[in-house]
Amino acid sequence: MDIKKDQLFSTPIDKLGDWTFDDKVAEVFPDMVQRSVPGYSNIISMIGMLAERFVQPNSMIYDLGCSLGAATLSIRRNITQDNCQIIAVDNSLPMVNRCQKHIDAYKAKTPVKVICEDICNIPMHNASMVVLNFTLQFLTTENRQQVLNNVYQALNPNGILVLSEKFSFNDTTINELLFNMHHDFKRANGYSELEISQKRNMLENVMLTDTIETHKQRLTNAGFKHMDTWFQCFNFGSIIAIK
């Protein structure tokens, strides 16, 4: 698959507006996410390792906010159990359409159903694994707890939730350092100051980040007893929670 280079913000945009996962973003998303999210490919490959360990036979796996299906494909490659199904959900039709093409390009025994829908409205049951890979941060703060409640209710005993997010930090010195190191990471990957600034302005009303402590409190509220950060690079990371 040819990866198209992300140049969406390389020239000045008069009216930036809020961020949306439209056709233009979907087209360059693989390049964008690799150059913008530190540790992304590690998280994707490790989600596959977790799938091998946690997916139970005769169960469902949910990839909520699946974008182009990277986590779904990683999970499907590593499932060793029989009679499982993956449900991949995203509310962006351009993402879903491309995700379906990616899924169709690889043959595997585990069926995948790709759905264009708000993850708040997805009924879930009999789940052994649920993935929220940089998804919760795009929901309203009111909906975040409800989605985690739904996930907990849907998970079978010993089922796992993988929750990857961009984090904020209460310590302003640490928060500023990791924020600046993330920008250094993007510069090192070829993004200009204009690209970094325009993308940040578009995201600021759409992607509202939480502290790790806030995430853990929500998970506790949902009913999880076992949780911790299992991966972090700068202000990006991933938490696992086991039922």
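This section describes the overall make-up of the chain and then several of its local features, as seen in a predicted model.

The chain holds eight helices and seven strands. Of its 243 residues, 51% are buried. The accessible surface of the chain comes to about 11,700 Å², and 50% of this area is supplied by carbon and sulfur atoms. When contacts between residues at least 6 apart in sequence are considered, 80% of them join residues at least 24 apart.

Helix α4 spans residues 93-104 and has twelve residues. From its first C-alpha to its last the helix reaches 16 Å, close to the 16 Å expected at 1.5 Å a residue. An α-helix has 3.6 residues a turn, so residues three or four places apart point the same way.

Helix α6 covers residues 172-188 and contains M181. Together with I174 and L177, M181 makes a nonpolar surface patch of about 230 Å². M181 has a relative accessibility of 32% and is therefore classed as partly exposed, since that class lies between 20% and 50%. In the loop between β5 (155-166) and α6 is D171, another partly exposed residue, with a relative accessible area of 42%. The side chain of D171 reaches the backbone nitrogen of T173 at 3.0 Å.

T135 is located between β4 (127-133) and α5 (141-154). Its relative accessible area is 9%, and T135 is buried because this value falls under the 20% limit. The side chain of T135 reaches the backbone oxygen of N133 at 3.4 Å. Apart from residues up to four places away in sequence, T135 touches L64, G65, I119, S164 and E165.

N235 occupies the loop between β6 (226-233) and β7 (236-242). With a relative accessibility of 3%, N235 also counts as buried. Neighbours within four places in sequence being set aside, N235 is in contact with E165, K166, F167, F169, L178, F179 and H182.

Conventions:
Residues numbered from 1 in each chain as written. Predicted model: local features only at pLDDT ≥ 70, side-chain atom pairs only at ≥ 80, totals over all residues. Heavy atoms only, no water. Helix = DSSP H or I, 4+ residues; strand = E, 2+ residues; numbered from the N terminus. Expected span 1.5 Å × (residues − 1). Patch = residues over 30% accessible without salt bridge, like charges linked within 9 Å, V, L, I, M, F, W, Y side chains within 5 Å. Areas by Shrake-Rupley, 256 points an atom, 1.4 Å probe, with all protein chains shown as cover. Salt bridge = Lys/Arg side-chain N within 4 Å of Asp/Glu carboxyl O. Buried < 20%, exposed > 50% of the residue type's maximum accessible area, 1.4 Å probe, protein only. Polar contact = N/O pair within 3.5 Å; in protein donor to acceptor, adjacent residues only side chain to side chain. Contact = heavy atoms within 4.5 Å.
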